Amino acid sequence: MGGAIGGTLLTPIPWKLADDSAIWTQNWSWRPSPERGEITETTGTCLLCPGGCGIQARLVNGHRAIYVKGNPDHAVSRGGLCPVGAAGLQYLYAPYRITQPLKQTGKRGDPQGFQPIAWNEALKIVADKLAAVRKKGLPHTVACITGQDRSSVTDLWKQFFAAYGSPNLYTMPRHSDSTRLAVALATGYDADLGFHLEKATYVLNFGAPLLEGWAAPVRIQQIFSRWQTEQPGLPKTELVHVESRCSLTASKADRWIACKPGTEAALALGIAHVLIREKLYDAAFVSEKVFGFEDWTDAAGALRKGFKALVLAKYSPKDVAAVTGVDAQVIQELARELARQKNAVVLWGQSSDTPNNLYHDLAFLALNALIGALSDKAMVSLVPSQPWQALPEPAMDLEAFKGLGQKPLGQPTSVPKTKVRPNTLHAFLNALANGEEYPIELLFVHEANPAYGLSENTLAVQALQKAGMVVSFASYLDETAAYADLILPNHNAFERLDDVIGLPGAPFAFYAVATPILKPHYDTKSTGDVVLGLAKTLGGTVAQSLPWKNYEEVLKLRAAKIAEGATGLLVDATFDPASVEPGVSLRANFKKAADVWKKLTAGSCWVEAPQALDACTTPSGRFELACQGLLASVSTNAGDELFMAHYKPLPPSGNAGELPLLLTTYRSLSLAPGYVPNAPFMNKLLPDDLLLKQDVFVEVHPETARKLGLRHKAKAVLKTPLGEAPVRVRVAPTVPADVVALPEGLGHTAYDEYVQGKGVNANSLVEVHLDPVTGLGTVWATRAQLRLA
């Protein structure tokens with residue numbers, strides 16, 4: 001073997017391959033070729049995903065970035081970086097960057113119809129439209145969709161819309177949309193869930209793609225690495241993963257439990273049945289802190305069955321086995337393992353980052369309550385999205401009060417009455433597309449690409465065509481920007497001053513400032529500055545509500561609030577998340593706002609302990625397994641289970657005879673399914689059995705392939721109620737029989753030749769169901785047909 005390797009190295013073959021690779025990259029006309037000069041490094045924070053990783057950029061002569069790597073001094077990422085962040089400079093120099101304001105002069109949706117326009121002219125068009133709509137007394141007909149839900153720009157949008165008078169502000173869908181509602185109903189708080197994974201000894205994970213980019217990807221990868229490393233005196237963390245497909249996370253888990261798609265909540269309730277029947281649950285926590293475990297009386301005096309009676313009656317291991325395909329003996333084993341562990345925690349999620357069925361979120365939350373994960377052990381805690389008041393209360397005139405009094409377009413009238421307003425984007429788009437209730441005169445789209453990235457994305461395209469005027473703040477000419485009338489381009493993520501508020505899934509409050517590593521290359525503007533400028537132009541109470549000179553002043557206000565609160569720590573890589581205890585405030589290591597700002601802009605992060613669940617603000621003052629907040633949302637004659645967690649699948653549409661399979665989608669760490677597309681370098685990482693030239697592979701079980709007469713690599717057509725697309729077949733036992741698995745993140749029709757036309761956009765084929773309780777658009781499986789091409 002050594003002789004063969006040596007002989008190969010002495011031939012020109014590997015050197016020729018390396019040379020060909022270098023020549024291939026040089027074929028890109030946009031590839032930057034910096035002049036020779038001084039090499040320097042600067043630090044920043046990555047904004048390309050919710051992970052907020054620290055980065056270091058290498059510059060030539062201070063104005064050309066040539067390399068990005070992780071910052072080893074960052075408190076959370078500690079030198080790590082995901083593939084999107086590592087390829088980030090390709091978005092900075094990409095030919096599909098929008099370099100100046102553009103106005104559509106042709107037909108809406110035609111990328112060739114855009115013509116350059118000066119900033120002052122473009123902003124005047126928008127300001128005049130805003131003023132005219134408000135003068136007509138129709139402020140509620142202005143709407144916004146933003147993809148930045150963890151930035152202070154979102155707070156500016158909220159402030160602007162409150163002062164202007166519109167309830168139609170939406171973010172792109174996230175799993176947290178449903179979990180925050182579940183938390184609000186069960187605890188009374190508007191907070192995210194923080195999972196203390198650093199301390200966990202046993203993790204029961206229902207579908208969350210931990211190793212495919214879930215939550216803050218680098219943090220999760222590093223925690224997983226810690227779980228796999230033997231540490232003296234510490235037990236090894238056991239990961240049990242529940243999912244229908246053998247994903248990367250499933251293959252790396254200590255145990256994979258294969259269940260039927262979409263039945264994870266039923267399995268959780270089956271485990272709860274065993275815990276209750278065998279008295280393995282945390283009885284002290286349940287008796288002292290939980291309402292609705294036993295039978296209860298509602299506000300009208302009617303006696304209701306409690307969670308205990310419901311679970312014991314309907315979710316025996318035998319019954320759950322019939323639903324999930326998981327053996328009854330395995331269900332009992334899982335319950336007993338979970339009960340034995342000192343620091344056990346239950347995670348859940350879906351491959352697509354979309355809201356869940358509310359009752360299913362409540363089921364996973366209830367399972368954590370039964371094992372005491374919400375008790376003093378605090379394996380699960382509540383983390384407010386920001387530990388300060390968002391911005392000062394807006395000044396509101398009569399027009400603002402009248403506009404905000406209108407029902408958000410499309411929102412169901414019976415949504416739960418909680419502190420969390422449901423993010424009913426799908427319902428909004430459906431109403432807009434179908435011309436229901438009232439029109440939308442002006443639609444803003446900020447750092448979002450719903451025409452590609454929204455499940456059932458054709459709905460977004462139809463809605464964009466119905467809106468009166470569409471104004472995009474896109475950095476790239478993506479699928480949604482193509483439908484804009486005006487594009488006011490935002491700075492690239494590496495060119496702008498911004499911030500990161502909170503890390504998904506982290507058990508501590510978090511704040512970081514992202515400083516630009518370079519000055520803007522083109523004639524672009526910070527969206528935060530544009531929003532402030534529009535408010536100033538409108539004048540009156542809108543201007544009073546947004547009085548800051550520029551976006552930097554807003555971020556400095558954050559630093560001032562942190563200094564004023566005098567709690568939390570400014571931390572670096574020495575920070576140990578396991579040392580944070582819920583409810584035990586961290587002693588501040590700063591005094592002045594100027595010091596806080598200086599350290600934040602130098603790469604430090606601010607962290608604070610999460611909230612302890614010692615008292616709830618629910619009607620009972622306890623954690624509610626029977627959610628009294630649902631009393632106003634369901635009929636008084638409704639069954640007892642409608643107040644509690646239960647398994648409630650929403651049946652897919654279509655004829656099972658014509659569409660006999662179920663389509664599920666999955667994530668890969670090498671595919672970017674969000675706002676930015678896959679960079680060319682990332683596409684070169686994709687294996688040939690995922691993407692072969694322009695063809696994407698779907699995974700099919702051997703038994704299903706034999707039944708359908710399909711061979712490995714065969715060309716086929718995948719059909720769902722939403723349409724059909726060409727695919728190739730990968731025959732593998734990674735999916736159950738009669739299930740087809742399709743990767744997310746491909747199938748773009750915009751950008752450039754290195755991005756568009758590769759594979760299929762999974763969002764164009766998956767079906768969305770509106771949760772009847774919350775109005776959220778949920779996704780789990782879609783009926784499908786697969787046939788030879």
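Helix H6 (152–164), strand E7 (169–171) and helix H7 (176–187) each supply at least two residues to the lining of the largest pocket, in a model that is predicted. Among the contributors to this lining, H6 gives the most, with six residues, and H6 also packs against helix H5 (residues 119–135) at an angle of about 40 degrees.

**The largest pocket**

- The volume of the largest pocket is about 1200 Å³, and its lining is made up of 36 residues.
- Of these lining residues, Thr 154, Asp 155, Lys 158, Asp 190 and Arg 421 are the ones that lie nearest the centre of the largest pocket.
- Sorted by class, the lining of the largest pocket holds 14 nonpolar, 10 polar and 12 charged residues.

**The second largest pocket**

- The second largest pocket has a volume of about 470 Å³ and is lined by 24 residues, with Asp 478, Glu 479, Ala 482, Thr 749 and Ala 750 lying nearest its centre.
- Two or more residues of the lining of the second largest pocket come from each of two elements, helix H18 (450–453) and strand E29 (723–731).
- The lining of the second largest pocket divides into 13 nonpolar, nine polar and two charged residues.

**The packing of H5 and H6**

- Two packed helices are described by the angle between their axes together with the distance between those axes.
- For H5 and H6, the angle is about 40 degrees and the axes are 12 Å apart.
- On the H5 side of this contact are Leu 130, Val 133 and Arg 134, which meet Phe 160, Ala 163 and Tyr 164 in H6.
- The contact of H5 with H6 contains five nonpolar residues, no polar residues and one charged residue.

- Pro 72 is found in the loop that runs between strand E3 (64–70) and helix H3 (83–86).
- Pro 72 counts as partly exposed because its relative accessible area is 45%, a value between the limits of 20% for buried and 50% for exposed.
- Leaving aside residues up to four places away in sequence, Pro 72 touches Gln 56, Arg 78, Gly 79 and Ala 573.
- Pro 72 and Ile 562 are 490 residues apart along the chain, and their C-alpha atoms are separated by 25 Å.

Technical notes: Residues numbered from 1 in each chain as written. Predicted model: local features only at pLDDT ≥ 70, side-chain atom pairs only at ≥ 80, totals over all residues. Heavy atoms only, no water. Helix = DSSP H or I, 4+ residues; strand = E, 2+ residues; numbered from the N terminus. Buried < 20%, exposed > 50% of the residue type's maximum accessible area, 1.4 Å probe, protein only. Contact = heavy atoms within 4.5 Å. 1 Å grid on protein atoms, 1.4 Å probe; cavity = no way out; pocket = protein on both sides within 12 Å on 5 of 7 lines; lining within 4 Å. Points joined across faces, edges and corners; volume = space filled by probe spheres on them. Nonpolar A, V, L, I, M, F, W, Y, C, P; charged D, E, K, R; others polar. Axes fitted to C-alpha atoms, helices over the stretch in contact; angles between N-to-C directions.
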